[in-house]
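Reader: Please take a close look at one part of this model. I want the geometry and the packing, in short sentences.

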Amino acid sequence: MSETADLYQAIIMDRTKNPRHAGKPPHFNREGHGDNPMCGDRIHVYVADDGTQVHHESRGCAIMIASAELMADAVAGLTADAIAERRKAFEAMVTTGTTNPTLGDLNALSGVSEYRSRIRCATLPWSALTAALEGAK
Amino acid sequence: MSAALKSEFLDVTAIRKDFPILAQTVHGKKLVYLDSGASAQKPRMVIDAMMHCMEAQYANVHRGLHWMSERTSDAYEAVRDKTAAFLNAASREEIIFTRNATESINLIAHTYGRAILKPGDAIVISEMEHHANIVPWQMLRDSHGIELRIAKITDSGELDFTSLEEKFADGKVKLLAITHMSNVLGTYTPVERLAAFAHAHGAKILLDGSQAVVHRQVDLQAIDADFYVFSGHKLYGPTGIGVLYAKRELLDAMPPFLGGGDMIASVSYERSTWAKPPYRFEAGTPAIIETIGLGAAIDYVLSIGFPAIAAHERALTDHGLATLSKIEGLRILGAAQDRGGVISFTMEGAHAHDIATLLDRQGIAVRAGHHCAEPLMGRMGVTSTARATFAMYTSMEEIDALATGLLRVKQVFA
Ligand SMILES: Cc1ncc(COP(=O)(O)O)c(C=O)c1O
């Protein structure tokens, strides 16, 4: 299946099958929700402000879950402003397919740029995270 | 093992030649189009008819006194006759052209629903409806005080008659709005029986024929349907044209849907009067070219014939069910006795989206998601499925290609 290796990279398959940030944490300060009405995928994100720990409860495809996982890795300890910047860089990367050295493991998702209907799967966790950070505590 | 391209029932090779798009490649692979339930491809006859209309015989309808307008009006109205004959409606005036099935149902909800149904009346739908046959009734419920009741289906995906009887028990139900064939489970509903049941309880019946009309002969007088709707684009016709059938006496009592040109008898600033059906419900310039295309699509389908189409698709469905059910970890939704060429499935460990993307890379087009039937997904205990749908041009080889493709998906997600 060489034709899909670019999309379903080992790290994506691994993080989908063995998530590290899945489930509702005992403590959190903010939460946000993301829905993809096209396919019924949904994600709920929990943020613990102290050090921006992110957890998620997800119902969706491999791309969305892996994206939520890699996002949780990538935002750990960041300020809200830094997260907003990461999100922008991430969305640019998955839309254009051009990897960005500052994004680290998130670059594993660059393959979605070739699957237009799947970009939304990769960005949904970030929308939910933004909703959490912008919403009331 | 599968039958050769030449089916016993129809010449698939010849039919495929009629559909130019089927020769396309996708991602460098031969296109295997298994998403006809969402929208079917178009035969040359439809494309040519629409081209001919635009190139040789086009003007606005019903208003010009000149040759072109008269000829175009004739061609447009001929499709009304053709559609009436296709469905065995009692008269041509019972056929109203809309944009699609969705608009047809909304038209009924807005006119029949507001003018004839009264607050406190109830409408029954089933658990296997497309959103198009849920949301308009919810809107009517909220704006007009109608009660909306949901009849259950069984685990095998058939209508539960006990539940239906319960919903009708208090005599408040005035309309049963139900699918003729589920776009998710492939289930055909027993429409004659349902119509008799509704009528015996003093209710009208609306059938959503979006899927069914493509696969079997529909005889509206035999069914005794009060309302029937479908979209041209699933019947190998163009987008932008749909059909609403309603019995004449119902249409006569219904107020207009949209106001404007063509739907009036007379207009003054004080008062306008409405044209008779069907024109009362066709405000503004209609989809003339698309209507001509629908006429060609009906001609095309009838030239192949429903006996052959139905037999071919039955063979495809049997082969599809047998082949896919052999794949370990694959679950097929629904097991109705009377089912057509719609196979929705889930695969252990693989989300429907991922299945669809991996199949797409092999040139195989299936749909993935909730198929505009979110409540039904919940009822079947899934959040989304992948779905393969068959058409008259589908070949046994394409079903084998799907099975091979799914085995590859399994490898990736193992
Ligand atoms: C059973 C059923 N009803 C209604 C519709 C709505 O059709 P359209 O979108 O053409 O109005 C569809 C199409 O997806 C369908 O499958």
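Author: Helix H2 (residues 44–56) of chain B has 13 residues, which at 1.5 Å a residue should span 18 Å (1.5 Å times one less than the number of residues). Its end C-alpha atoms lie 17 Å apart, which agrees. This is a predicted model: local features need pLDDT of at least 70, side-chain atom pairs count only at pLDDT 80 or more, and totals for chains, interfaces and linings use all residues. Residues are numbered from 1 along each chain as its sequence is written, chains are lettered from A and ligands numbered from 1 in written order, and side-chain values use heavy atoms, without hydrogens or water.

Helices (H or I, at least four residues) and strands (E, at least two) are DSSP runs, numbered from the N terminus. B:Val46, B:Ala49, B:Met50 and B:Cys53 are the buried residues of H2(B) (under 20% relative accessible area, 1.4 Å probe, protein chains only). Seen down the helix axis, they fall within an arc of 95 degrees, so they line one face of H2(B) (the arc is that of the directions from the axis to the C-beta atoms). These buried residues pack against helix H11 (288–304) of chain B (heavy atoms within 4.5 Å).

Now the sheet. In chain B, 4 strands form an open sheet in the order E13-E14-E17-E16, with antiparallel pairing (at least two DSSP bridges between two strands). Strands E13 (330–332) and E16 (367–369) of chain B are the edges, each pairing on one side only. E16(B) is joined to strand E17 (residues 385–389) of chain B by 3 bridges. B:Gly369 has B:Thr385 as its bridge partner in E17(B).

Methods: Buried < 20%, exposed > 50% of the residue type's maximum accessible area, 1.4 Å probe, protein only.
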